[in-house]
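Dear colleague,

I am passing on the structure below, and my notes on it follow. Please read them beside the coordinates.

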Amino acid sequence: MSTIYSMTGYATAAREFAYGALSVELRSVNHRYLDIQFRLPDDLRGIESALREMLAAKLNRGKVECRVSFAAAPAALKAPEINKELLLQLTALNARVKSALPEAASLSAADLLRWPGMLGGETLPIEELKNACQEQLGAVLEDFAAARAREGEKLKALLLERATGVEKLVAEVAPRMPQVIASFRDKLQQRLKEAMANGDDERIRQEIVLFANKIDVDEELTRLTAHISELRRILAKGGAVGKRLDFLMQELNREANTLGSKAVDVAVTQVAMDLKLLIEQMREQIQNIE
């Protein structure tokens, strides 16, 4: 899998029936984990778990909102009729209960109307509607994944562009370092000799070598190059790579900070600052990658 997915996406689709119109909408933004929220009509609450499973099977991260709406056709909005047979049965049962337990409360009109099946002749084919909703979500998920993939490709291109910028900066500063260290060594040696009346040449030499080792940034430059190579490898592999890329940005930033702290040359200091800017730009983009 080489596709990079953004956590930001949107897709919607509607379907017409003789008894009404069903609409399914998905939208998402970035989030540390997968957080799915639903807005469903009461008649479709029973399939929320099934819809959640469908989404969880396709998505890894992001705050996702699934909104389902249904508008019944005017012809389907018929006035409900009371189930007379059921009403007679409940009335008879109520009388028997009252006869056995005179103190028991009688069923009220509201109780009777809320009784399952009392308002008979269900006008909407709920099971058919539930199946249609799941089918519709499957179709919307395809468009949703495609939208997130398109956005992911844009993010990938931006990251690769900035990765190239990091490589150019490293390539710019690496050849300068031997000259920078040699120049700083000469200046330091002169200052030390001036500061020490009875100059101990061997002691001065040791101090200069020790300090030169401390300001050598060859390891940092090597690790920066290795981290950028890893970034390219992860992007080429694709999939749910956001967390790995975020960790990689921490490593890149650590090396850039160390480079800046060791810098004894204005040009190297500027490169360290430019590196940090590029890394921060990448980090911001990575927050949107699944």
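This is a predicted model: local features need pLDDT of at least 70, side-chain atom pairs count only at pLDDT 80 or more; totals for chains, interfaces and linings use all residues.

**Notes on the structure**

Residues are numbered from 1 along each chain as its sequence is written, and side-chain values use heavy atoms, with hydrogens and water left out.

The buried residues of α2 are Leu-86, Leu-90 and Asn-94. Seen down the axis of α2, these buried residues fall within an arc of 70 degrees, so they line one face of the helix; the arc is taken over the directions from the helix axis to the C-beta atoms. In general, an α-helix has 3.6 residues a turn, so residues three or four places apart point the same way. The cover over the buried residues of α2 includes α3 (109-114), a contact being heavy atoms within 4.5 Å. The 17 residues of α2 (residues 84-100) should span 24 Å, and its end C-alpha atoms are 25 Å apart, which agrees; the expected span is 1.5 Å times one less than the number of residues.

In the loop between β5 (81-82) and α2 lies Asn-83, which counts as partly exposed at 29% relative accessibility. Asn-83 and Met-118 are 35 residues apart in sequence, yet their C-alpha atoms are 5.0 Å apart in space.

Turning to the protein as a whole, there are 9 helices and 6 strands, assigned as DSSP runs (H or I of at least four residues for helices, E of at least two for strands) and numbered from the N terminus. Of the 290 residues, 33% are buried, and among contacts with a separation of 6 or more, 79% join residues 24 or more positions apart.

The largest nonpolar core has 34 residues, and those with the most contacts inside it are Leu-231 and Leu-245; such a core is a set of buried Ala, Val, Leu, Ile, Met, Phe, Trp, Tyr and Cys residues joined through side-chain atoms within 4.5 Å. At least two residues of this core come from each of α4 (126-173), α5 (177-195), α7 (218-237), α8 (242-262) and α9 (266-286), and α9 gives the most, with 8 residues. Leaving aside residues up to four places away in sequence, Leu-245 touches Leu-159, Leu-231, Ile-234, Leu-235, Ile-286 and Ile-289. A second, separate core of 24 residues includes Phe-17, Leu-51, Cys-66 and Leu-141.

In α7, the buried residues include Leu-231, Ile-234 and Leu-235. Seen down the axis of α7, its buried residues fall within an arc of 145 degrees, so they line one face of the helix. Just after α7, Gly-238 takes a positive phi of about 75 degrees.

Finally, Ser-6, in the segment before β1 (9-17), is buried, with a relative accessible area of 1%. The side chain of Ser-6 reaches the backbone nitrogen of Thr-8 at 3.0 Å, and a polar atom of that side chain lies 3.5 Å from the backbone oxygen of Asn-288. Not counting residues up to four places away in sequence, Ser-6 touches Arg-148, Glu-151, Gly-152, Leu-155, Asn-288, Ile-289 and Glu-290.

With best regards

Conventions:
Buried means under 20% relative accessible area, exposed over 50%, partly exposed in between (1.4 Å probe, protein chains only). A polar contact is a pair of N or O atoms within 3.5 Å; within protein, one must be able to donate a hydrogen and the other to accept it, and residues adjacent in sequence count only if both atoms are side-chain atoms.
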